[in-house]
Amino acid sequence: MSIKPLYFDRNENQYGPAPACFEVMRRADIELMSIYSRDFQRGVKSRLSERLAEDLGVEENAVLLGYGGEDILKQTVHCYLGKGEKIMIPSHSWWYYKSISDEVDGIKVEYPIVEGDEEYEYDTERMLALYREHRPRVVLISSPNNPTGNSLSLPDLQRLLETMKESVVVLDEAYWSFAQEDNTYIRDLHERFPHLLIVRTFSKYYALAGIRIGFAVMGRGLVQLAQFSARYLGYHRLSEEIALAALDSPDYYRDIAKKMEQDKEMFSRELGSIPGFKVFRSQANFVLVRIPEEIRADLKAALTDRGLIVKFMNEELLHSHMRITIGTQEQNRLLADAITTIMKDEVAA
Ligand SMILES: Cc1ncc(COP(=O)(O)O)c(C=O)c1O
């Protein structure tokens, strides 16, 4: 009998979206599915961009929409980074940053994210030094960062932005909202830093990865990107309506975030007490765990046999680590128990 796998490997939100999102699909009609939006006649992109602008306190034309954060990141790099120009990216980061830089033959300058006692940390001094040395066209910062889970503090970000004024600074906040509720800083940063792009998504916190919708708040100096990304026939109308329903369901999502916080602590406590394991503090919906390198293959095989699919990192700097996406409480219990049992009975035997 084959087991239905449980996926802890791609930072999806297994709780699923708010009930109101399914309601939108049940109500979908010809207008929504067969007809182009006419919102542009009102001088806006859509009801979604209007709503996001209102919620975040910025002007509607500062809101950029796209097919997930992925699409917006790709568009930004393709718009600004020319062949042979430099882009700063974190040493431990989502592989996609390197991939889009390579697509345009950009030169990658990696800045370190360093391992602290409890969590990984940005080294802002080093970032500033590298910035002065290389004068990159684009700087990519991810907060919380994937796969390390750490965030950059607001004072540190402001310091970086003050110095990096000659570059396009992209702040990828795909994992925002799990540990922080505050959005008020966006308006302030938007007022002060015309070279800043803040990228967010409905995929993670709102559990809507399948409907492919992301957005960004675009600094006033990024006119070229506004033109590059303009879509004259509108966006995905059904996805936009679903996203609006998600924004109208804050209690549903806060409850999930609370459960995830409890389970991150549970993983930290339980896996952290296995000899040789270290669980790093995370502000996202995943935790990075360092494991003894010699047990990596056996643990991976034993988990896969049980249908528990975890991401075992395979990178130069992170080859004895696994990244666990936080699932539902029931799924997390199963995984933590399985790892504990495997370590006691099989791998360590
Ligand atoms: C750091 C980071 N940014 C952006 C994304 C993009 O997600 P999406 O395209 O679904 O919005 C991901 C997806 O895993 C990610 O890990």
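I'm working from a predicted model.

**Sheet.** Next I traced the strands. Seven of them form an open, mixed sheet, and I read the order as S2-S10-S9-S8-S7-S3-S4. Strand S2 (63–66) and strand S4 (107–111) are at the edges with a single partner strand each, so one side of each has no neighbour in the sheet. I get an average twist of 20° from one strand to the next. S2 runs antiparallel to strand S10 (residues 214–218), with four bridges between them; I checked Leu64, and its bridge partner in S10 is Ala216.

**Helices on the sheet.** H4 turns up again here: it packs on the sheet and touches S2, S7, S8, S9 and S10, at about 155° to the direction of S9. Helix H6 (residues 124–134) also packs on the sheet, touching S3, S4 and S7, and its direction makes about 155° with that of S4.

**Domains.** I have the chain split into domain 1 (6–15 + 250–347) and domain 2 (19–247). Where they meet, 20 residues of domain 1 contact 21 residues of domain 2. On the domain 1 side, helix H11 (250–272) and strand S12 (286–290) each give two or more residues. I find twelve nonpolar, five polar and three charged residues on that side.

Note on methods
Residues numbered from 1 in each chain as written. Predicted model: local features only at pLDDT ≥ 70, side-chain atom pairs only at ≥ 80, totals over all residues. Domains from an automatic or database assignment. Contact = placed C-beta atoms within 7 Å. Nonpolar A, V, L, I, M, F, W, Y, C, P; charged D, E, K, R; others polar. Pairing = 2+ DSSP bridges. Axes fitted to C-alpha atoms, helices over the stretch in contact; angles between N-to-C directions.
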